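The structure comes before the text.

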Amino acid sequence: MFAVIGNPNAASLTYYGLHSLQHRGQEGSGISVMNDDGEINTIKGEGLLTDVFTNPAMLVDLPGAYSIGHIRYPSNGEKGYDNVQPLLMKMSDEKFAIAYNGNITNTAELRRELERQGSVFHASGDAEILVHLIRRKEGSFLERLKASLLELEGAFNYFILHDSGVYAVRDSKGIRPLCIGKLSDGGYVFASETCALGIVGATYIRDVLPGEIVYIEDGRVMSTFFTEERMHAICLMEYVYFARPDSDLEERNVHSFRKQSGIELCKETHVDADMVIGVPDSSISAANGYAEAAGLPNEMGLIKNRYVGRTFIRPTQALREQGVRMKLAPIPSVVKGKRVIVIDDSIVRGTTSRRIVQMLREAGAKEIHMRVSSPPIMYPCFYGVDTSRREDLLAHQLDTEEMRRHIKADSLAFLSREGTVRALQRSESLGPNCGVCMACFTGEYPTDILKREQ
């Protein structure tokens with residue numbers, strides 16, 4: 001998500017900010033802008049940002065100084081235009097657009113109750129829940145927003161473009177990242193990752209804190225909290241896979257963490273080999289760390305097709321398998337006759353790992369040793385990662401040796417949970433906010449409702 005407050009080029013800046021965040025979702029894109037007359041205009045559609053905004057001139061149709069934008073990765077809700085965000089709501093007494101990232105774990109309960117009270121839903125995702133809750137509260141918009149957020153459980157970041165301004169919200173555990181930046185030519189931005197700040201000329205100010213509502217008033221950053229029960233539990237998979245390596249999350253650099261994970265992985269699981277290969281792109285940093293610690297050459301044994309998106313966030317298994325075949329290709333002249341250590345960031349369903357081993361075998365690799373720079377993912381995520389069914393997780397079904405046989409590698413090893421903690425502690429950190437959610441590795445969830453569901 002990306003938002004701009006108080007800049008006449010809001011639509012263009014939001015477009016470029018979202019372009020930097022395209023790795024976070026591929027199913028839909030949209031931008032809503034409020035003009036000087038208080039009208040909210042929206043352009044959105046299915047597909048990549050460039051599929052929706054096919055002509056830069058389209059941004060001229062979105063005049064105004066306040067905007068919110070969204071890239072969709074559907075971990076819940078159906079595909080289709082109705083679920084593409086931002087969602088635009090126009091009532092007789094107010095109007096607003098809303099964009100959302102995460103997963104509300106008590107959606108079914110809230111939806112049933114709201115429908116019983118007469119609410120009509122137009123989409124199947126979670127974003128619309130908050131709108132209906134707000135409409136049933138009394139008081140100022142901020143008061144209604146606070147009261148409504150207290151009814152939500154799970155992980156959520158919201159941008160709300162309202163008659164009274166732009167509001168950025170982060171859940172009480174801070175599970176998904178969200179930061180604030182200041183534009184050099186006036187105004188502020190909110191973004192899911194710091195990597196989106198530089199392209200629009202914004203300077204990082206700070207992260208939105210867990211349980212915080214941030215808005216801009218008279219050119220000043222204003223803040224309030226909707227709950228006193230707060231903790232830092234940012235999703236570890238943000239560091240492992242989702243975020244770009246040039247992003248800082250909770251003031252810890254993603255590349256630094258991944259490289260340190262590779263170093264720890266080498267210390268725990270090293271095997272004799274001729275070279276190290278990282279699976280592009282999210283495993284390159286870990287491969288750098290592993291190769292450096294092992295004293296081995298770090299080779300480019302796998303090439304990524306830059307015109308194929310991320311396969312893990314594809315909505316179906318068939319599309320994921322097709323994407324892997326299109327996305328990666330080995331370099332036979334590099335790997336032929338060699339003992340290869342392949343570094344990957346994680347194994348979820350095993351689709352990518354099995355295909356990589358097969359391709360490297362066909363390219364002539366003598367031995368293939370798969371090393372994973374995170375622990376086995378054994379438990380489902382209910383916080384906005386599409387792994388909510390435990391039976392989909394390879395590590396839930398098989399032990400390490402069985403997984404090795406499944407992907408047909410010569411050996412397989414994972415970074416331990418303790419090694420992951422060491423990587424967190426040793427990677428560069430500028431601040432004290434080091435708490436993370438490791439529920440998919442440990443089964444220890446930071447919210448009570450999920451403990452009950454388990």
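## Annotated sites and helix packing

The unreviewed UniProt entry carries a "binding site" annotation on S282, D344 and D345. These three residues spread over 64 residues of sequence, but they cluster in space, with a largest C-alpha distance of 7.9 Å. UniProt positions follow the numbering used here, feature names are shortened, and annotations may be inferred rather than shown by experiment.

This is a predicted model: local features need pLDDT of at least 70, side-chain atom pairs count only at pLDDT 80 or more, and totals for chains, interfaces and linings use all residues. Residues are numbered from 1 along each chain as its sequence is written, and side-chain values use heavy atoms, with hydrogens and water left out.

**The aspartates.** D344 sits in strand β21 (residues 339–344). D345 lies in the loop between β21 and α11 (351–362). Helices (H or I, at least four residues) and strands (E, at least two) are DSSP runs, numbered from the N terminus. D344 counts as buried, at 5% relative accessibility. D345 is buried too, with a relative accessible area of 4%. Buried means under 20% relative accessible area, exposed over 50%, and partly exposed in between (1.4 Å probe, protein chains only).

Which residues does D344 touch? Not counting residues up to four places away in sequence, D344 touches V279, S283, T352, S353, I356, M370, R371, V372 and S373. With the same exclusion of residues up to four places away, D345 touches V240, Y241, S282, S283, V372, S373 and S374. Contact means heavy atoms within 4.5 Å.

C381 is in the loop between β22 (367–372) and α12 (394–397). C381 is buried, with a relative accessible area of 10%. C440 belongs to helix α15 (residues 439–442) and is buried, with a relative accessible area of 10%. Leaving aside neighbours within four places in sequence, C440 is in contact with M237, P376, I377, M378 and Y379.

Axes are lines fitted to C-alpha atoms, for helices over the stretch in contact, and angles run from 0 to 180 degrees between N-to-C directions.

| Helix pair | Angle | Axis separation |
|---|---|---|
| α7 (residues 254–269) and α14 (residues 417–426) | about 140 degrees | 8 Å |
| α7 and α8 (residues 284–294) | about 45 degrees | 6 Å |

The angle makes α7 oblique to α14. α7 and α8 are oblique to each other as well. Angles under 35 degrees count as roughly parallel, over 145 as roughly antiparallel, 65 to 115 as roughly perpendicular and the rest as oblique.

The crossing of α7 and α14 is right-handed. α7 also passes α8 in a right-handed crossing. Right-handed means that the near helix is turned clockwise from the far one by less than a right angle.

Residues of α7 that meet α14 include F257, Q260 and E264; their partners in α14 include G419, R422 and L424. Towards α8, α7 uses residues including H255, R258 and I263, which meet a set including S285, Y290 and A294.
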